[in-house]
Amino acid sequence: MPNDALSVLDNRTGKTYELPIVDGAVRATDLGKIRTGPHDPGLLAYDPAFMNTASTRSAITFIDGDAGILRYRGYPIEQLAEQCTFLEVAYLLIHGELPRAAEYHDWRWQITHHTWVHENVKKFMDGFHHDAHPMSMLISSLAALATFYPDARENRDPGHRTLQMYRLIAKVPTLAAFAYRHLRGQPYVYPDNDLTYAGNFLSMLFKTTEVKYGPPTALERALDVLFILHADHEQNCSTNAVRAVGSSGVDPYSAVAAGAAALYGPLHGGANEAVLRMLRAIGSAGRVPEFIRKVKAGETKLMGFGHRVYKNHDPRARIIKRMADAVFAATKPSLLLPVALELERIALADDYFVQRKLYPNVDFYSGLIYEAMGLPVEMFPVLFAIPRTAGWLAQWQEMVGDPEQKIARPRQIYTGPAWRDVPPRESRR
Ligand code: ACO
């Protein structure tokens, strides 16, 4: 019996099976070989919400949730946030290595020169209702980009794939800023090629009558760091959506739109919006104990706390907390900051949260930073989607090139009626 194998005794038949263990995993398809007879379709692995199922091999992002570790391509998130720009990190995610000077120059040039969108994009943006949620506008306009680039369907060609990745990483801030300006009833601002990725985005958001917008340095750097922290997070809900939708062979605009749709949910990218709404509803630090009581009674959730994989601390939350101080020094301090600090203080000392390993996640402070920058809560998931586009594309590219991947198609355990006749129409009236 090989050491790296799992011996399974099927008590139903008395047969034993040996399932090879490779990289700490057994193949679910090997379970399918365990049958009670020729008509048995084989044993299934039942895993709602993918709690313990690896859906892919991936060389992009490593997380050790218990130790609070996050690495992109082996580099610790703390070092990347300190020493790199978002565009370097985006290159790293997609190409596997940090760019050398000439590679970075070319990458930056490509991203900068694909930021413009077709004028028709403005027309359909204009068609949205005046108070349309900007995340819905972003999701729709990402999907709509596919109509401008029919060549994107040729995604078996690496050259085409690279071109679509330039376009998507470059255009997502433009679409996001257009959605914001639409919400504000303000004219769209065209991209400024002289500015950095984050600086250009701030310009497209906030430029008014000035000839040239100069992004405030503290905000530009904070945004760039927030982009780095949000760029990828291995097989989370939205990345899984991108991979699953992309596995059908669809163009990357449609796959990324699916990821953005998944990100919109309050349990995922909508969490920082939910945090701000929660902090506003609490209103003052004095009302925090009553709120905590409600959380413990199961009447509400402490948004921005807890994570599917981080059960010690979220390393991104620590970096963001430090970043928040720099932003608040450059802007008005948030009136909600004392509420957040009091919530964190009480929750971290309370048995309910300690026992369940609930710690502040990346979204607990990011909302406060975005609010201090002058952005409405509706923009928070949009700000998450911008950098995550680089991660989604890195994951999509890896999936497309992975010979083990096929169209994603989970199995089910059917629990409905076995068989029945349709009653005559008269009896159903
Ligand atoms: N507030 C109060 N209780 C919580 C919270 C919370 N934020 N999160 C989890 N719990 C409790 C659950 O009620 C459960 O308690 P029980 O054992 O008594 O039933 C226990 O902690 C375990 O929680 P699960 O829901 O099983 O944990 P799971 O890993 O499935 O959920 C999730 C993770 C969705 C992030 C959850 O913690 C949550 O809803 N948090 C608030 C939303 C949020 O901040 N999301 C952002 C995540 S980060 C991101 O997407 C970038």
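Buried means under 20% relative accessible area. Glutamate 273, with a relative accessible area of 10%, is therefore buried. This is a predicted model.

**Salt bridges**

- The count comes to 19 salt bridges.
- Glutamate 273 pairs with arginine 277 in one of them, with the closest N and O atoms 2.8 Å apart.
- Both residues sit in helix H12, which spans residues 271-282. They are four residues apart, about one turn of the helix.
- The two ends of this bridge can be set side by side. Glutamate 273 is buried at 10%, whereas arginine 277 is partly exposed at 42% relative accessibility.
- Salt bridges with shared partners join Asp23, Arg27, Arg57 and Glu404 into one network.
- Glutamate 404 counts as partly exposed, at 43% relative accessibility. Arginine 27 also counts as partly exposed, at 44%.
- Aspartate 10 bridges to arginine 12, and their closest N and O atoms are 2.9 Å apart.
- Aspartate 10 is buried, with a relative accessible area of 8%. Arginine 12 is partly exposed, at 49% relative accessibility.

**A buried arginine without a partner**

- Arginine 161 lies in helix H7, residues 158-184.
- Arginine 161 is buried but has no salt bridge.
- The nearest side chain of opposite charge belongs to aspartate 157, 7.1 Å away.
- Leaving aside residues up to four places away in sequence, arginine 161 touches Asn155, Arg156, Trp396, Gln397 and Val400.

**An enclosed helix**

- Helix H8 covers residues 197-206. Nine of its ten residues are buried, so the helix is largely enclosed by the rest of the structure.
- The buried residues run through Tyr197, Ala198, Gly199, Asn200, Phe201, Leu202, Ser203, Met204 and Leu205.
- Their cover includes helices H3 (86-95), H4 (101-112), H9 (217-229) and H18 (380-400). H7, the helix that holds arginine 161, is also part of this cover.

**Ligand site**

- There are 20 residues around the ligand. Lys301, Leu302, Gly304, Arg308 and Asn361 come nearest.
- Leucine 302 places a backbone N or O atom 2.7 Å from a nitrogen atom of the ligand.
- Leucine 267 has a polar backbone atom 3.4 Å from a ligand nitrogen atom.
- Arginine 308 uses its side chain: a polar atom there lies 2.9 Å from an oxygen atom of the ligand.

**Cysteines**

- A disulfide is a covalent bond between the sulfur atoms of two cysteines.
- The count here comes to zero disulfides.
- Cysteine 84 is buried, with a relative accessible area of 9%.
- Cysteine 237 is partly exposed, with a relative accessible area of 49%.

Key:
Residues numbered from 1 in each chain as written. Predicted model: local features only at pLDDT ≥ 70, side-chain atom pairs only at ≥ 80, totals over all residues. Heavy atoms only, no water. Helix = DSSP H or I, 4+ residues; strand = E, 2+ residues; numbered from the N terminus. Buried < 20%, exposed > 50% of the residue type's maximum accessible area, 1.4 Å probe, protein only. Lys, Arg positive; Asp, Glu negative; His and termini not counted. Salt bridge = Lys/Arg side-chain N within 4 Å of Asp/Glu carboxyl O. Contact = heavy atoms within 4.5 Å. Disulfide = S-S within 2.5 Å. Near = heavy atom within 4 Å. Polar contact = N/O pair within 3.5 Å; in protein donor to acceptor, adjacent residues only side chain to side chain.
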